Amino acid sequence: MKYRKKYYLLGVLGLTLALGFGSGASASAKTKSTPVNGNKQQTFDVILKSRNASQLTSYTYAVTKKGNANYRNYLTPKEYAQKFGQSDATVNKFKSYFKKYHLKVKVLGGNSVMTVKGSTKNMQKAFHVKLVNKKVAGDMMQNKADAINLPKSLYKNVMSITGYANMVDTASKKKIALKPASITKSASLADNAADSGTDNTKNQTPQKFIDRYKVSSLYDSGRNLGQGKTIGIISFANFNPADAQTFWAKEGIPVKANRISQIHTDGLKGSWDSMDETTLDVEQAGAVAPQANIRVYTSNQNGSISMINNLATAIGENKADSLSTSWGENEIAVKEEEQLGIVPKQYFNVLNMLFKQAAVQGISMFVAAGDNGAYEGATQSGVADGLAVSEPATSPYVTSTGGTTLPATYKIKGKTETYKVTKERAWADEFLYPEITDSKLSVALKNQDYFTGGGGGFSKIYNTPAYQRGFSGAQTFRAEQLWNFSKGKFSLANPVKTVTGTKQGRNLPDVSANADPTTGYQIYMTKPNNGGHGKWVGMGGTSIVAPQMAASSVLMSQSNGARVGFWNPAIYKFAQSSDSPFTPLDSAEDNTNLYYTGQPGKLYNQATGLGTIDFDKLNQQFSK
C-alpha cells in the first residue's frame, strides 16, 4: 500500500486534505469570501438513504453465514435497488427536478448515488445554496456559504450531499486529503536487505507472496488462474497499462492479453504524482491471478466525492469479484474535515452503505491499513498521543490488510553494523532506533521516516463489530511505548514502557502479509516525459498486500464456483478452528508496529491481526 500520510492512498498513503487542522483553521474561517464564477462547472453527489437500513445490515451478514437461507444468495445491483436502494419512482423525481435547472444526472447502480453536473449558477439555483471561495488554513477553497435546501419531498430521501467543497488552487501540494499506502525502498531506514541471506534483488517478484502463503495451491495445475473473474482497483492516480504488460512479460508470468480496462470516474484519470501506487496495484494483482481481468477505477484526488464516486461506480457495475484500494486518511483528521465542512456529514455512514452493498452483491473488499504503524495520527492535530488508524480500512465491512517483514539481514544506512530478523514479524523499523541521533531525529520526524510500519490499532469512530467481540486478543492489547508525546512533539522514550489493557472499537488490521520495502517487491514504471524509458523500483507498503489479497480472493471464488464475498465474519470463525488457516504472530518480543505487539497465546493482535494466511487451508474452509 502506498501510504503518503495523508488520506486515501493507503498503500501509497492516501488522499487527505492536509489543511493543518487546529486553531489556525477556525481563525482562517473568518477570511473574506468571494463568489464562485457562475460558469464554472460543478459536480455534486447526492447520496440517497437506504430503505430498510437495518435489514441491509442483517443481509450483509446473512450472505456470509453457512446454514442461513440467504448464504451466498447475492443480489444484482437492480435487486439491491429493489430491496434497499431508493425506488425508480423516487429517483425519477430527482431527475425531473434537476432537469428543470438544466443539470445532468447520472444514477449509479443500486439507486444509492446520483452525480449531478452543471454550471455554478444552475447548481446554486437547484440546491438553493451560495458557493464561495475563501481561505481555510492558508489554502483557497470552494465551499458553501449557507445550508443546502432541496424541496422537502426530495430532501427526506437524502443521506448526504458532497462535491461543493474542494480546493481552488489545484497546484497546491497541501490540498490532497487522500493518501496512498505504499513506500519505495529508498524511503526505508535500512538498505541492502537480503531475504534469508540471499541476494534480495533476485527475490522481489510476486512469486514470493505466492509461494510463502501457499497461493500456488489454488492454481489447480493451471485450470484455476482467475479465468472469468475480475479484480477491481480503486485508485486516484493515473498509470501506463503498458508497464504492467512489460512487468508480467519480464517476470515470466503467463497473463492473457488485453486484460486491463479503465474507468475514469466522471472522466477524470487522476494525476501522475502517485502513479507508482496504481502501477503496483495492477502489476501485483495481475501476477497473483494471471488470467483474471483487471478493471481500474481512477479519479482525481478530490477528497470525499472522488472516493464515493469511485466506489459507487465499481460497486454499481458489479463487474469486479473483488475490489482493492490502497488510499486512506487518518480517521480523526476525516472527522475534523467533517466539522470544517470539507467532508460531508454522514461520510462514514455513506462509505459503510456502499461497503454493505458490495457485500450483499458478493464483492470482497480489501483496504490497506496504512504504513505509519500505530501512529497514523502522528502529524495531525486532535490526536493526543499520535495513535490513530486510517479509514476506510477502519470500516467493519471491509477486510483491512496489514504488514509484516520477512527474515532478512538489514544493513543500516551509514553504518557498518547489520541487524538480522530471524522470523516473520510485524513490520516496523523500531530496531533501528538506537542508531538515531538527535539531528537525524528532527529531520526524520518531519518526513515521518521513523513512523514506518504496518497500520493497526483501534477505531475511535466505529464500535467493535460482532465478529470481533469476545474474540481471543481483540479488545485487549499489549504495547511498547517507544515514543513520548508532549505539546505536539515526539521524543524517544527511555526507558520503553510496556502497556497492557482493553479498548473498545473496531480492531484492525484483519490479516497481514509481507509489506516491508526491504523485503518487498519490484514494480516496473515509466514516468511521463521520460522518453518511454521505464525503470524497476523496489516497493513496499500495505498497499501491496491489498491487491495481492484481492487477487487471491478471486482465485478462491473461481475454485468455489461462486464469489466468496465479504471475508470477515467467516475468517474470524475459521481462525478458531482446529485447523486454522492463520498463523498468529503473537510474540511479545521483536514484533511490534511501533506500539502494539503480539499477545502471547492470543489469536489476534493489533500489529498483524489474525496473522498470515495459508491460502490452501483458507480455500478449504471457504469450500466447506
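Setting aside neighbours within four places in sequence, which residues is Pro-254 in contact with? This and a few other spots are shown in the close-ups below, all taken from a predicted model.

**Close-up 1. Pro-254 sits in the loop between α8 and β15.** The answer to the opening question is Pro-290 and Gln-291, once neighbours within four places in sequence are left out. If you want a distance to check, go from Pro-254 to Leu-225: the two are 29 residues apart in sequence and 9.8 Å apart in space, C-alpha to C-alpha.

**Close-up 2. Four strands make an open, antiparallel sheet.** Read across the sheet, the order is β3-β7-β8-β10. The edges belong to β3 (34-35) and β10 (166-167); each has a single partner strand, so one side of each is left without a neighbour in the sheet. Now for β7 and β8: six bridges join β7 (residues 131-136) to β8 (residues 139-144), and the two run antiparallel. To pick out one of these pairings, find Asn-133, whose bridge partner in β8 is Gln-142.

**Close-up 3. Helix α11 is largely enclosed by the rest of the structure.** That description holds because seven of the ten residues of α11 (residues 331-340) are buried. The buried set is Glu-331, Ile-332, Ala-333, Val-334, Glu-336, Glu-337 and Glu-338. Among the elements covering them are β18 (327-330), α12 (347-360), β20 (390-391) and β25 (457-458). Have a look at the two ends as well. Asn-330 caps the N-terminal end, with a side-chain oxygen 2.9 Å from the backbone nitrogen of Ile-332. After the helix comes Gly-341, which has a positive phi, near 85°.

**Close-up 4. The largest nonpolar core has 112 residues.** Ile-231, Trp-567, Ile-571, Phe-615 and Leu-618 are the ones that touch the most other members. As for where the core residues come from, α12 gives the largest share, ten residues. A second, separate core of 27 residues includes Val-46, Leu-48, Leu-150 and Leu-154. In soluble globular proteins, nonpolar side chains tend to be buried together.

**Close-up 5. Ile-231 and its contacts beyond four places in sequence.** Zooming in on Ile-231, you'll find Ala-285, Ala-289, Ala-292, Asn-293, Ile-294 and Arg-295 among the residues in contact with it. The list also includes Ala-320, Ser-322, Ala-550, Ala-551 and Val-554.

Terms used. Residues numbered from 1 in each chain as written. Predicted model: local features only at pLDDT ≥ 70, side-chain atom pairs only at ≥ 80, totals over all residues. Heavy atoms only, no water. Pairing = 2+ DSSP bridges. Buried < 20%, exposed > 50% of the residue type's maximum accessible area, 1.4 Å probe, protein only. Contact = heavy atoms within 4.5 Å. Polar contact = N/O pair within 3.5 Å; in protein donor to acceptor, adjacent residues only side chain to side chain. Core = buried A, V, L, I, M, F, W, Y, C linked by side-chain atoms within 4.5 Å.
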